[in-house]
Structures are given as C-alpha cells and as structure tokens.
Amino acid sequence: MVLVYGQKNKNKVLKLKLKFRMIDTLMLIDDENLFHLVFEDACSLLDMALSFEALDSSDEADEKFKQWFPDNGEDRPECVFVDLNIIGSSYDGIEMIRKINFEYGDGVVIGIISSSEDEDEIERAKKVGAQFWIIKSDDIEPRLEEFMADYEAYKSKTAPFKIYK
C-alpha cells in the first residue's frame, strides 16, 4: 500500500510505503525477561503494534484471557506469541495455545516463538491451532518482518502454517 500526501515540495510528492498494517494489540508470553526487551525493541523498530504486553507465565495469561472472555473480548490481544517452554508455569506454550483457541474462542492470531526446531513439537503446535512458529534469536527483526508481510493472511485464516527461521 502506498499513501501519498498532497503536499508538494519542489515538484516532489512525499510517499510513505507501508509494508503491512499494524497489529492493534500484541501479547508475548515468555518466561525470559531479557527476551521481552529484545522482542519489544524489534516490534518498535518495525512499527508492528499499537500496544504491546509481555507476560512472564502462562498462568498470568490464562487469568487475563478469563477476564476477557466471553463478555469483554474487545480488550483481548489481536496477536499472541507464546514461548514453547514457559518455566514455572502450569502450561507449556502448546497447551496455552490450545486453551486460547478452544476455551476462549478463535479470532486471535497465535503461534509459537522458540529456539526449538523439534519437528514433533511443531506438529503438536499445528494440531492445537498454532498458525506459525518463529525461531527465537537476539536478531529477531528479519523473522518478525517476514511474519508481518504474512499477517493479513493469518488474520483472515488463509495462510498456511509457516516456520520463520
């Protein structure tokens, strides 16, 4: 999409190319506080989301989702990234995705963010409704940028499952 602003400056028209639409509300569920900062910085650099929330545990996320559903869905996140192994939580990432998809309703774009590339875990995630798998690293921006290029298709449930490496 290209937005053209009507102000001409010395016979030039300023154009702003938007590669993707921003996510209204994005949530990260991950037990690594340092990764919260890395992820938030990457989201900020890419202008990914209007608001961002990072949670330390699946238990904390479960409590939030219980508050949002069924009557207060307008405050729920539009997109959720869940770590595969959330240490100190009652649920791992795959179980958290299952709970969100099957207990709290659909409509949330949701996937795993993990350093693991275990094929069995990836298959389990697909079965419970994960839409994507992003390989976690300190240099996460390229993967998130690629994810955002596909985001509209995830939102409309037309994108195939994809692993971002």
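Two strands are said to pair if DSSP finds at least two bridges between them. Helices (H or I, at least four residues) and strands (E, at least two) are DSSP runs, numbered from the N terminus.

Good morning. The model is predicted, so local features need pLDDT of at least 70 and side-chain atom pairs count only at pLDDT 80 or more, while totals for chains, interfaces and linings use all residues. Residues are numbered from 1 along each chain as its sequence is written, and side-chain values use heavy atoms, with hydrogens and water left out.

I begin with strand 6. Which residue of strand 7 stands opposite Ser114? The residue is Ile135. Strand 6 and strand 7 (residues 132-135) run parallel and are joined by three bridges. Between these two strands the chain passes through helix 4 (residues 119-127), and this β-α-β crossover is right-handed; that is, with the strands pointing away from the viewer, the path from the first strand over the helix to the second runs clockwise.

Strand 6 also pairs with strand 5, again in the parallel sense, over five bridges. There, Asp83 has Ile113 of strand 6 as its bridge partner.

Is strand 6 enclosed or open? Six of its six residues are buried, so the strand is largely enclosed by the rest of the structure. Here, buried means under 20% relative accessible area, exposed over 50%, and partly exposed in between (1.4 Å probe, protein chains only). Val109, Gly111 and Ile113 point one way, whereas Ile110, Ile112 and Ser114 point the other way.

I turn now to helix 1. Its 13 residues (33-45) should span 18 Å at 1.5 Å a residue, and the end C-alpha atoms are 19 Å apart, which agrees. The expected span is 1.5 Å times one less than the number of residues.

The buried residues of helix 1 are Phe35, His36, Phe39, Ala42 and Cys43. Seen down the helix axis, they fall within an arc of 135°, so they line one face; the arc is that of the directions from the axis to the C-beta atoms. The face turned away carries the exposed residues Leu34, Asp41, Ser44 and Leu45.

The buried residues pack against strands 3, 4, 5 and 6 and against helix 5 (141-155), where contact means heavy atoms within 4.5 Å. His36, one of them, counts as buried because its relative accessibility is 8%. Not counting residues up to four places away in sequence, His36 touches Leu28, Asp30, Phe52, Ala54, Leu55 and Asp56.

Finally, just after helix 1, Asp47 takes a positive phi of about 50°.
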